[in-house]
Every structure is written in structure tokens, then in C-alpha cells.
Amino acid sequence: MSKTMKSFRLSDEAICAIEERDRSKYRTAQEYIEALILHSDKKTTIETLVDKIDGLEEEISSLKEEMKRENEEQMQRLEILFGRCLAETERKEQRRIVSYQSAPPDEVI
């Protein structure tokens, strides 16, 4: 690859990022800049992790909603079951009271 000499004006932040590069991986600023430009389509490890975290957060949110919906359905079923049990208990108690009221006085303890 042939090299051409060009000058660019960079912000202080860009200069700082160049100066704080991994010098064991990029010996010169030129190597660092070329790697960033030529491999800009490849995401850095941090960007990849951020994307994965975002995906996991969305999945967790979806699972929370699903669990909430399932818990609400379960609570509704339990309320119905409790209502039925309560009604059955009340019917049994009412029958017991009626049987005491209709029993002859000598049989009541």
C-alpha cells in the first residue's frame, strides 16, 4: 500500500485518545489511526459488549413482563379457587347449623 502525506486538524479529545492508545499494540499514532479507519466496520470489544448488554436488558424486560402476566393469571385462578372453597365451607356450615336446628331437643348435646 502506498503512503501519501496528508495533514488533518483534530480535536483535543481525538489527540488525547491517540496519545492514550495501547502502545504495545500500536507503536505509532499513524498505525493506530490507520487501524481505526481501516477496521472501523469491526466493532470494538466494548461496543460488542454494550450491544449484548442492551439485548440482555431487552430480554430481561420481556421476561419480567411475561412473569408478571403469568403471576396475575395465577392469582386470578387462586382467587377463584379460594372463592369456591369459601362458598363450599359456608354451605357446609349452613347445613350443619340447619341440622342442629331441626334436630329434636333431646338429641342436641
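The chain has three helices and zero strands, where a helix is a DSSP run of H or I with at least four residues, a strand is a run of E with at least two, and both are numbered from the N terminus. Read from the N terminus, the order is α-α-α. Keep in mind that this is a predicted model, in which local features need pLDDT of at least 70, side-chain atom pairs count only at pLDDT 80 or more, and totals for chains, interfaces and linings use all residues. Residues are numbered from 1 along each chain as its sequence is written, and side-chain values use heavy atoms, with hydrogens and water left out.

How much of the chain is buried? Of its 109 residues, 5% are; buried means under 20% relative accessible area, exposed over 50%, and partly exposed in between, with a 1.4 Å probe and protein chains only.

Now look at Phe8, in the segment before helix 1. Phe8 counts as exposed because its relative accessibility is 68%. Together with Leu10, Ile15, Ile33, Leu36, Ile37 and Leu38, Phe8 makes a nonpolar surface patch of about 680 Å². Patch residues have over 30% relative accessible area and no salt bridge, and nonpolar side chains (Val, Leu, Ile, Met, Phe, Trp, Tyr) are joined within 5 Å, like charges within 9 Å. A salt bridge is a side-chain nitrogen of Lys or Arg within 4 Å of a carboxyl oxygen of Asp or Glu. Areas come from the Shrake-Rupley method with a 1.4 Å probe, and for residues only the protein chains shown count as cover. Helix 2 brings four residues, the largest share of the nonpolar patch.
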